[in-house]
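Okay, thanks for coming, everyone. Let me get it up on the screen.

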Amino acid sequence: MKKIVFPLMLIVGLLVGTTSCKDKDIYPPMTGYWMCEGIGGTAFGATTPNIDSKYLAVFSVAYVGVLNGGYYTRVGAQDLTSVAGLASSLSTHTGLSEQSWENYFSYGSFTVDEANQTVTHTLKNGEVETFYYEMPDETTLKLTTQSVSGTGNISGTANTVINVINAFLGDDKQISTNVGVVYTYKKKNVTEILSALKNIASTSASE
């Protein structure tokens, strides 16, 4: 696997001390690392997708920035060697190629519109994702997909989250819409999320 290196410690340093009242005026509200704990919403009708809970960490995200924007990543994107074997293990388990998984763990910029409660991701692969966000408290984040555009249908890649959801759902439960998908997250630290991703790699390899 091609080694992708980025100074995660820099991001960790930028996230230190983000809990004071003054800081809340400086940093975007969703600043931090977020582990996915659930996927559901109107796109799935009355039922929640049957994704094994151990795979939810794959959908974890992180934000760092100031004022109304900054840097966004699906956790693991910048240092796949931290979760060595994850992409290859998942490609065997789900049928998506290792390259598809490397494309999925994408990163880019984000902007926040606090007045309309939306956050927009502009990823390096050309995709733009817009979500409504809710933060019932400082440790909970909910993202509901409003729209997705860009290069998400490139053959052979996993540029949209829906491709990844469908990989876990199997052939008989595929969904065809991005709109209305709700992701629920809890605030964690990067070590906890990387540990969860390593666990996915080890359990997938043994299946």
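So, Phe168: you'll find this one in helix H5, which covers residues 161–169. Keep in mind that we're looking at a predicted model.

Is Phe168 buried or exposed? Its relative accessibility is 12%, and the cut-off for buried is under 20%, so Phe168 counts as buried. And what does Phe168 touch, leaving out residues up to four places away in sequence? The list is Ile51, Tyr55, Val58, Phe59, Leu90, His93, Thr94 and Trp101. Take His93 from that list: it sits 75 residues away from Phe168 in sequence, yet the C-alpha to C-alpha distance is 8.6 Å.

Now zoom out to the rest of H5. Eight of the nine residues in this helix are buried, among them Val161, Ile165 and Asn166. Those buried residues pack against strands S1, S3, S6 and S8, and also against helix H3 (86–94) and helix H4 (98–104).

On to the strands. Eight of them form a closed barrel, in order from S1 through to S8, and the pairing is antiparallel. From one strand to the next, the twist averages 35 degrees. H5 packs on that sheet, with contacts to S1, S3, S6 and S8, and the helix direction makes about 90 degrees with the direction of S8.

Asp137 stands opposite Thr140 in S7.

Okay, over to you folks.

Terms used: Residues numbered from 1 in each chain as written. Predicted model: local features only at pLDDT ≥ 70, side-chain atom pairs only at ≥ 80, totals over all residues. Heavy atoms only, no water. Helix = DSSP H or I, 4+ residues; strand = E, 2+ residues; numbered from the N terminus. Buried < 20%, exposed > 50% of the residue type's maximum accessible area, 1.4 Å probe, protein only. Contact = heavy atoms within 4.5 Å. Pairing = 2+ DSSP bridges. Axes fitted to C-alpha atoms, helices over the stretch in contact; angles between N-to-C directions.
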